[in-house]
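Dear colleague,

I am passing on a structure for you to look through. Please open it below before you read my notes, so that you can follow each point by eye.

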Amino acid sequence: MFTEVLLYTFEVKMIVFLRVSISAVLLGAYTVFHFRHKVIQNGRLFGVSAVQYRDLFVLSLLNVLLPFSFITYGQTFITGGLASIFNATTAFFTIGLAVLFIAEEKFTPNRFIGVVIGMVGIVIVVGYREIFTLSAESAGGLLVMLGTFCYGLATSWTRIRLGNVPISVSAFCLYFYATVILALYMGAMGDFQFYLLTVPLLVDALIYALISSVLAFPLLLYLVGKVGAGNVGISTMATAPMAVILGIVFLDEQVLVSHIIGFSTIVLGLVVLDGRLIRHFRAKLRR
């Protein structure tokens, strides 16, 4: 919803820059405060090695800069509610990529069936005719799904390479690297739009960064290590109904019946893919 509001005024790059730069400042302040008595540990900044800082740079591209850019640009073609429905495909990419790269993640029959059902849901949302034509809706959906593909890669990368990095340091570095890259690029291209920034838009950007990044990403990084890449990916299905409701209430957006049916099918695919609800019912039947 915040992305939709900012798109009325700013270009995609400026929106992403506002989000990552504000987040970097807030997360940086928290990290320095948290490590105030041990900023340097064993000759390392926050106790993190040079190799881990390199791995965090890769994660910043996969988990922040690229997906934020793809998803925000996708919303120039489609509504925030529809973008959130496509965002629910994060789980399919997360689990599919986790199976390839993480030994303990297995591609079970229920996961295969769940992915197939989910793909059917995507076709329903887009429309089978639009799948083979480059309409605004299909282009927006494709861009959002490119972002979710990056999230899937990032989740596996986090599990494999960054399990021992403090969460606050990881979160800060993700946004710091993204801010530096965007600042250098936008400065060279003259793409900054600070002259359009008003107090209401600044408040919107601050809340946007606080809720969507400063609070959400440390929690995401924490959960990846606790419950697994696949389970974290499944949580994205909660985004869609909330985004749709907020879009209807505050932005007068409309939701088509095909979107509701398609999202319901995607949720069914996620339930089958997860398998826990099915196992629960099987256990009850056996009793």
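Is the crossing of H2 and H3 left-handed or right-handed? Please keep in mind that this is a predicted model, and that the crossing of these two helices, H2 and H3, comes out as right-handed.

Helix H2 covers residues 12–34 and helix H3 covers residues 50–74, and the two pack at an angle of about 135° with their axes 9 Å apart. That angle makes H2 oblique to H3. On the H2 side the contact involves Val12, Ile15, Val16, Arg19 and Val20, which meet Val64, Phe68, Ser69, Thr72 and Tyr73 in H3. Sorted by type, the residues of this contact are seven nonpolar, two polar and one charged.

A second pair to look at is helix H4 (residues 80–87) with helix H6 (residues 109–126), which pack at an angle of about 160° and have axes 10 Å apart. H4 is therefore roughly antiparallel to H6, and their crossing is left-handed. Leu82, Ile85 and Phe86 of H4 make this contact together with Ile122, Val125 and Val126 of H6, and these residues divide into six nonpolar, no polar and no charged.

Finally, please find Tyr177, which lies in helix H8 (residues 167–189). Tyr177 counts as buried because its relative accessible area is 17%, and the cut-off for buried is under 20%. Leaving aside residues up to four places away in sequence, Tyr177 touches Tyr53, Leu56, Phe57 and Ser60. The C-alpha atoms of Tyr177 and Val64 are separated by 9.3 Å, although the two residues are 113 residues apart along the chain.

Best wishes

Note on methods:
Residues numbered from 1 in each chain as written. Predicted model: local features only at pLDDT ≥ 70, side-chain atom pairs only at ≥ 80, totals over all residues. Heavy atoms only, no water. Helix = DSSP H or I, 4+ residues; strand = E, 2+ residues; numbered from the N terminus. Buried < 20%, exposed > 50% of the residue type's maximum accessible area, 1.4 Å probe, protein only. Contact = heavy atoms within 4.5 Å. Axes fitted to C-alpha atoms, helices over the stretch in contact; angles between N-to-C directions. Parallel < 35°, antiparallel > 145°, perpendicular 65-115°, else oblique. Left-handed = near helix turned anticlockwise from the far one by under 90°. Nonpolar A, V, L, I, M, F, W, Y, C, P; charged D, E, K, R; others polar.
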